[in-house]
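This report walks through one protein model.

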Amino acid sequence: MNLTIELVPRSSWGNNVRSMITAMEWDIVRHECYRRAGYECEICGSSVGRLHCHEVFDFEPPDQQVLIRFRALCEQCHEVKHFGRASIMNREEAAKIWLAHVNCWNDHEVKEHILEAFMEWHHRNRIHWKLDLSYLHKFMKGTP
């Protein structure tokens with residue numbers, strides 16, 4: 001599976017599942033995510049270091065940003081997913097290197113992917129997205 005950049009549209013900045021549920025509920029979600037992934041990064045397979053629980057969204061016209069799953073990622077793969085944040089944190093070069101490494105890409109392929117990701121981001125920023133977190137309710141079904 002290729003590692004890809006998933007830039008968050010401006011209208012969704014700060015809107016993540018972790019900030020919308022209790023700490024106990026988030027712990028349930030993330031630990032189940034890690035367990036389902038066999039405690040390995042679902043992209044690069046690393047079992048070294050701390051895992052992150054990444055939210056995966058689908059963007060459905062006209063304005064629905066739908067949570068479709070959670071994915072266990074290592075710190076490096078998660079940093080690439082949030083490349084915009086990595087850039088702000090002065091980690092852009094490290095993220096580029098990891099993106100190239102995981103995908104076995106050359107510099108040109110990395111630059112092309114970054115360009116495509118930002119073009120998609122600019123397109124998505126024209127819309128004020130409404131979050132659909134119904135997947136979370138199914139995921140949390142039966143928990144105390």
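A pocket here is an open set of grid points, on a 1 Å grid over the protein atoms alone, with protein on both sides within 12 Å along at least five of seven lines; lining residues have an atom within 4 Å of a point. The model is predicted.

**The largest pocket**

The largest pocket has a volume of about 1200 Å³. Its lining consists of 36 residues. Nearest the centre of the pocket lie Val8, His54, His78, His82 and Arg85. Which element gives the largest share? Strand β1 does, with 8 residues. By residue class, the lining of the largest pocket divides into 14 nonpolar, 11 polar and 11 charged residues.

The idea behind such a search is simple. Rolling a probe the size of a water molecule over the atoms shows where empty space is left.

**Overall shape and fold**

The protein has 144 residues and a radius of gyration of 16 Å. A compact globule with that number of residues would have a value near 15 Å, so the two agree. Along the principal axes, the C-alpha atoms fill a box of roughly 50 × 40 × 25 Å.

There are 7 helices and 3 strands. Along the sequence they follow the pattern α-α-β-β-α-α-α-α-β-α.

The 3 strands form an open sheet in the order β1-β2-β3, with mixed pairing. Strands β1 and β3 (130-132) are the edges, and each of them pairs on one side only. Neighbouring strands of this sheet are turned by 45 degrees against each other on average, direction ignored. Strands of a sheet pair through backbone hydrogen bonds, either parallel or antiparallel.

In which sense do β2 and β3 pair? Strand β2 (residues 64-74) pairs with β3 in the parallel sense, over 3 bridges. Gln65 stands opposite Leu131 in β3. Helix α2 lies across β1 and β2. The helix runs at about 95 degrees to β1.

**Local backbone features**

Next come the backbone angles. Tyr39 and Cys104 each have a positive phi without being glycine. The peptide bond from Pro61 to Pro62 is cis.

| Site | Angle | Value | Loop |
|---|---|---|---|
| Pro61 to Pro62 | omega | near 0 degrees | Pro62: between β1 and β2 |
| Cys104 | phi | about 55 degrees | between α5 (92-103) and α6 |

One further loop residue deserves a look. Asn125 sits between α6 and β3. Which residues does Asn125 touch, not counting residues up to four places away in sequence? Asn125 touches Pro9 and Arg10. How far apart are the C-alpha atoms of Asn125 and Ser11? They are separated by 7.2 Å, although the two residues are 114 residues apart along the chain.

**Reading the parts together**

The loop with Cys104 lies between α5 and α6, and the loop with Asn125 lies between α6 and β3.

How values were computed
Residues numbered from 1 in each chain as written. Predicted model: local features only at pLDDT ≥ 70, side-chain atom pairs only at ≥ 80, totals over all residues. Heavy atoms only, no water. 1 Å grid on protein atoms, 1.4 Å probe; cavity = no way out; pocket = protein on both sides within 12 Å on 5 of 7 lines; lining within 4 Å. Points joined across faces, edges and corners; volume = space filled by probe spheres on them. Helix = DSSP H or I, 4+ residues; strand = E, 2+ residues; numbered from the N terminus. Nonpolar A, V, L, I, M, F, W, Y, C, P; charged D, E, K, R; others polar. Pairing = 2+ DSSP bridges. Axes fitted to C-alpha atoms, helices over the stretch in contact; angles between N-to-C directions. Contact = heavy atoms within 4.5 Å. Rg over C-alpha atoms; globule rule 2.2 N^0.38 Å.
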